[in-house]
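Trainee: I'd like a close look at one residue, and then a walk from there to other spots in this model. Could you take me through it slowly?

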Amino acid sequence: MTLAAHNRSLTASAPATVPVGLVIFALAMGGFAIGTTEFASMSLLPFFSAGLGVDEPTGGHVISIYALGVVVGAPLIAVLAARVPRRTLLIALMGVFAFGNLLSALAPSYHWMLAFRFLSGLPHGAYFGVAALVAASLSPPNRRAQSVARVMLGLTVATILGVPVASWMGQALGWRAGFAVVAALAMLTVLLVALFAPRDAVAPGASPLRELGALRRRQVWLTLATGAIGFGGLFAVYTYVASTLMEVTGVAPAVVPVVLVAFGLGLTAGTLFAGWAADRALVPATAGLLLWSALWLAAFPFAAGNIWAVSLVVFMIGSGGGLGAMLQTRLMDVADDAQTLAAALNHSAFNTANALGPWLGGLAIAAGFGWTSTGWVGAGLALGGLAIWILAVLDERRHRG
């Protein structure tokens with residue numbers, strides 16, 4: 001069955017009384033829960049490290065192992081669950097995510113925390129990938145990317161609302177409350193998806209072997225590499241932005257969350273624009289966004305000394321996060337009949353970027369280049385992603401010719 005045919009069958013099975021917007025809202029709520037825990041964990045690092053009796057560098061492994069769970073879980077679940085209906089799979093994934101975060105809130109020791117964060121990360125990529133496919137299947141072809149972007153808005157809005165609230169709860173009520181609220185959001189998602197998501201049938205011929213066919217396609221790998229490298233620039237700066245604001249800009253700790261909200265606003269605006277642009281001209285829009293990101297990342301070192309300038313630049317850097325919706329849509333075009341695996345791998349790629357960017361940024365800081373050097377690292381990664389994207393476009397044209 002072709003993707004278009006599968007989409008038609010999925011749309012036909014959706015309850016007529018449920019507006020598509022409500023389905024997408026239910027899917028986006030899962031993104032809100034995931035985004036809250038992914039970004040709030042960074043701000044809660046000092047608190048859970050102290051609570052678990054380890055120093056902050058050691059505690060940072062808790063964040064890294066969550067990302068590892070995403071990288072491992074996304075392809076594994078996508079392949080093994082090839083014959084599971086998408087609605088059922090979404091409910092199961094959010095259930096596991098809720099359980100993992102609840103266990104994180106109850107973790108008795110550092111090593112148990114590592115295990116529970118790895119478990120929490122496993123459903124992340126597969127959930128976003130399947131949710132994006134469901135959203136796209138309910139939309140006309142010329143609005144696919146916008147529907148995918150609306151699902152991802154859950155994650156971007158989390159950086160504006162969810163992360164500050166979870167961080168505040170973690171500081172006021174103890175770090176365990178920050179993870180408990182995520183578990184509650186995940187259970188709310190389970191309820192919303194069960195109520196509103198369309199009941200779908202498994203596509204004829206679906207199998208783990210067919211999903212693995214995505215790995216034979218060069219365009220899939222080049223698209224994933226674009227995200228793994230190009231998105232790393234954003235994380236290189238974001239991970240150290242709080243320290244840069246306090247050490248270089250000279251602001252009080254209370255100002256830091258305000259600048260992080262500016263990042264979230266930029267991420268939201270960029271995702272909305274990216275969905276619109278990708279539906280009109282996906283290939284040039286993606287190249288343009290990577291170049292845009294590189295320019296603003298390079299501006300970060302020059303702006304870091306002034307709170308107003310750095311707030312604007314952080315907003316603009318956040319807008320580069322629209323790359324996620326663009327590459328998710330691209331994978332739908334190049335994965336053929338291995339949609340689920342390709343869509344899930346997109347989030348493995350972004351979590352590779354989440355590991356690569358901070359690691360390279362940390363190396364630059366440790367080498368004595370200063371907190372602002374993360375901007376140059378980020379610009380280099382964005383340009384690296386652009387180079388891979390250009391290579392992918394040229395490769396596609398050569399094979400078409």
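Trainee: Is Arg 216 buried or exposed?

Mentor: First, a heads-up: this is a predicted model, where local features need pLDDT of at least 70, side-chain atom pairs count only at pLDDT 80 or more, and totals for chains, interfaces and linings use all residues. Residues are numbered from 1 along each chain, and side-chain values use heavy atoms, with hydrogens and water left out.

Arg 216 is exposed, because its relative accessibility is 68% (exposed is over 50%, buried under 20%, partly exposed in between, with a 1.4 Å probe and protein chains only). You'll find Arg 216 in the loop joining helix 9 (208-212) to helix 10 (218-230); helices are DSSP runs of H or I with at least four residues, numbered from the N terminus. Follow the chain 119 residues from Arg 216 and you reach Ala 335, yet their C-alpha atoms are separated by 9.5 Å.

Now hop over to helix 3, where Leu 76 sits. Leu 76 counts as partly exposed because its relative accessible area is 46%.

Other elements giving two or more residues include helix 2 (20-52), helix 7 (144-173), helix 12 (241-249), helix 13 (256-303) and helix 16 (339-369). By class, that lining has 25 nonpolar, ten polar and one charged residues (Ala, Val, Leu, Ile, Met, Phe, Trp, Tyr, Cys and Pro are nonpolar, Asp, Glu, Lys and Arg charged, the others polar).
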